[in-house]
Structures are given as C-alpha cells and as structure tokens.
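Me: I am new to this structure and would be grateful for a careful look at one part of it. Please consider the following.

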Amino acid sequence: MSALANHPFAKMNGIGNQIVVLDARDGVTVTPDDARAIAAGIPYDQLMVLHPARLAGTEAFIRIYNNDGSEAAACGNGMRCVARQEFAASGKDALSFETKAGLLNTWRNADGTFTVDMGAPKLGWREIPLAEEFRDTRAIELQIGPIDAPVLHTPSAVSMGNPHAIFWVDDVQAHDLGRFGPLLENHPIFPQRANITLARIVDREHVTIRTWERGVGLTLACGSAACATVVAAIRLRRTARKVQVTLPGGSLMIEWRESDQHVLMTGAATFDYDGRFDPALFASVA
C-alpha cells in the first residue's frame with residue numbers, strides 16, 4: 001500500500017487557484033504518479049509538497065506539482081497557502097521557504113493577507129528560456145492566425161521561475177483561450193512549455209488577465225502570471241510599479257520593487273478543509 005494512504009493533507013485555494021498542501025517532512029515519498037493519482041480524486045491546480053528544510057533559516061524545501069504530474073518551480077498562490085498553514089502552526093508572522101525557483105520569503109499582513117517575495121524576474125531569452133535568440137523579450141515574434149490578420153501576436157516573455165508569455169489584448173474574454181492555450185503552451189519556441197496569459201491594461205495601476213497554466217489548463221488564478229504580467233507592463237512603460245491585477249478568481253496586488261528588482265505578490269489564502277488521502281486513490285500507482 002502507498003505510504004500516502006491515509007496521509008493528512010490540507011485543501012486550500014489562493015483566489016480560486018486550487019491548492020493541496022501535503023506535509024512530507026515525516027519522510028514520506030511523493031512521485032509524479034502520486035501527484036496524478038491525487039488530482040484524480042481531489043481536483044487541484046497545484047500540489048505543494050513540504051520536504052525537510054535543506055537550508056538553515058528555512059521552514060521547508062517545497063516541490064510543486066501541476067495536476068498532470070509535471071513539476072513547477074514556482075507557484076505564488078500556493079506559497080501563500082503554505083505560508084498561511086505554517087504561520088498558524090508556528091505563531092510567526094514571517095517565514096522563509098526554499099523552492100526550485102530559489103529562496104522565497106513570506107509574511108502575514110495586518111489585514112489578513114499574505115505577501116510572497118517572488119524574487120527577481122528573468123528577462124533574457126536563454127533564462128526564460130526561449131528556443132531562439134530575441135534580444136528584446138518585451139515583444140517576441142509569435143502569433144496565432146493569418147499572417148496579415150493574426151488573432152494573437154507579439155507577446156512579452158518573462159520567467160518568474162517558470163516561463164510566461166503575455167499577449168496584450170483589448171478584451172481578455174474575447175479570445176478562446178481554451179483553444180489557443182494548449183497550442184501556445186507547447187509551441188516550439190518554448191522548450192520548457194509556457195504559461196499563456198491574455199492581459200488588458202485598464203489604467204496605470206490596474207491590469208486584468210486570464211491564464212492558460214502550463215500543466216494545468218484554464219485556471220481561475222495564476223500568481224506567477226500576475227507577477228510576470230506586471231513586470232512586462234512596466235518594461236513597456238504601461239503601468240506604475242505597484243499594480244492591482246484582476247483575475248477570474250479575485251485580485252492580487254503586485255509590486256516590482258525598484259530597490260532590488262524583486263516582485264512582491266500580496267493576496268488572500270483560504271483554508272477549505274483538512275482530510276486524509278483515500279487509499280483507493282493509489283491503487284494503480286506502482
């Protein structure tokens with residue numbers, strides 16, 4: 001029987017981004033097959049797995065799985081959920097975690113929201129990464145539709161620990177993202193696939209987005225996409241450095257801090273319920 005049978009978990013969400021938090025600091029092993037099996041019974045966007053800390057001063061090393069079993073280096077909404085759980089357990093108001101995207105600092109705000117320091121974005125074509133050279137990643141050559149009348153074109157490219165392409169549109173609801181998203185996610189220009197976002201500039205302090213998330217699909221919220229969009233908008237001189245981002249599931253406040261170029265994401269994290277994994281979920285897992 002799988003070691004995850006009857007193991008406790010927490011079901012949470014970050015403005016609609018469905019999150020399962022699994023504390024594996026007891027030494028239990030989690031595989032991509034396990035992640036897919038869990039998603040079949042407890043639908044989620046990301047599975048946040050806490051492993052024993054590897055760095056002094058951190059609470060845990062976190063591995064992040066998408067619901068298709070692939071790994072992500074970053075998940076801002078998931079990190080707020082993890083932070084909420086760990087703040088409640090520790091009584092602390094500020095904690096640090098290690099992820100594949102690097103060290104992430106988190107803190108609890110007086111208004112009940114949570115902030116994650118997502119670190120500095122990566123903007124070079126090799127870092128994002130892209131499959132070919134673009135000296136200016138504020139607008140890369142990529143389009144969907146006829147050459148003379150493309151439906152979507154010239155996205156900005158940014159990495160927030162995971163690759164993002166942001167298409168600027170007049171109406172984020174006017175395009176069939178469920179149709180175009182998989183094509184663009186898997187486009188050869190993105191060797192590690194990419195998160196695909198439609199973004200509309202409302203004004204210099206407000207942006208609206210919808211995202212097709214790599215390894216997940218259409219999502220109510222993607223925190224790293226909100227961060228990437230604000231970075232891209234600032235690089236194009238379209239917004240201020242602190243911006244409200246409205247997503248289908250709610251709103252986030254994103255700041256690209258000038259002093260160190262780190263991106264700060266602030267928003268809610270909601271606890272849904274505690275549970276234990278049904279052993280039947282893992283019946284087909286070797």
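Which residue's side chain meets that of Asp117 in a salt bridge, and what is the N to O distance?

Reply: The model is a predicted one. In it, the side chain of Asp117 meets that of Arg257 in a salt bridge, with an N to O distance of 3.6 Å. The two residues belong to distant parts of the chain, 140 residues apart. Asp117 is in strand β8 (residues 114-117), while Arg257 is in the loop between β17 (250-256) and β18 (263-267). Asp117 has a relative accessible area of 6% and therefore counts as buried, the limit being under 20%. Arg257, at 24% relative accessibility, counts as partly exposed.

Another of them joins Arg108 and Asp93, whose closest N and O atoms are 2.7 Å apart. Arg108 lies in strand β7 (residues 102-108) and Asp93 in the loop between α2 (76-90) and β6 (94-99), so this pair ties together parts that are 15 residues apart in sequence. Arg108 is partly exposed at 31% relative accessibility, and Asp93 is likewise partly exposed at 45%. A further salt bridge brings together the side chains of Glu71 and Arg63, at 2.4 Å from N to O. Glu71 is partly exposed, with 27% relative accessibility, and Arg63 is partly exposed with a relative accessible area of 27%.

Asp45 sits in the loop between α1 (32-41) and β3 (46-51). Beyond its neighbours within four places in sequence, Asp45 is in contact with several residues, including Asn17, Tyr65, Asn67 and Thr219.

The setting for these residues is a chain with 4 helices and 19 strands. A compact globule of 286 residues would have a radius of gyration near 19 Å, and the chain agrees with this at 18 Å. The C-alpha trace spans about 60 × 45 × 30 Å along its principal axes. Of the 286 residues, 53% count as buried. Among contacts between residues at least 6 apart in sequence, 61% join residues at least 24 apart. As for charge, the mean positions of the 27 positive and 32 negative charges are 3 Å apart.

Definitions and conventions:
Residues numbered from 1 in each chain as written. Predicted model: local features only at pLDDT ≥ 70, side-chain atom pairs only at ≥ 80, totals over all residues. Heavy atoms only, no water. Rg over C-alpha atoms; globule rule 2.2 N^0.38 Å. Buried < 20%, exposed > 50% of the residue type's maximum accessible area, 1.4 Å probe, protein only. Contact = heavy atoms within 4.5 Å. Lys, Arg positive; Asp, Glu negative; His and termini not counted. Charge placed at Lys NZ, Arg CZ, Asp CG, Glu CD. Salt bridge = Lys/Arg side-chain N within 4 Å of Asp/Glu carboxyl O.
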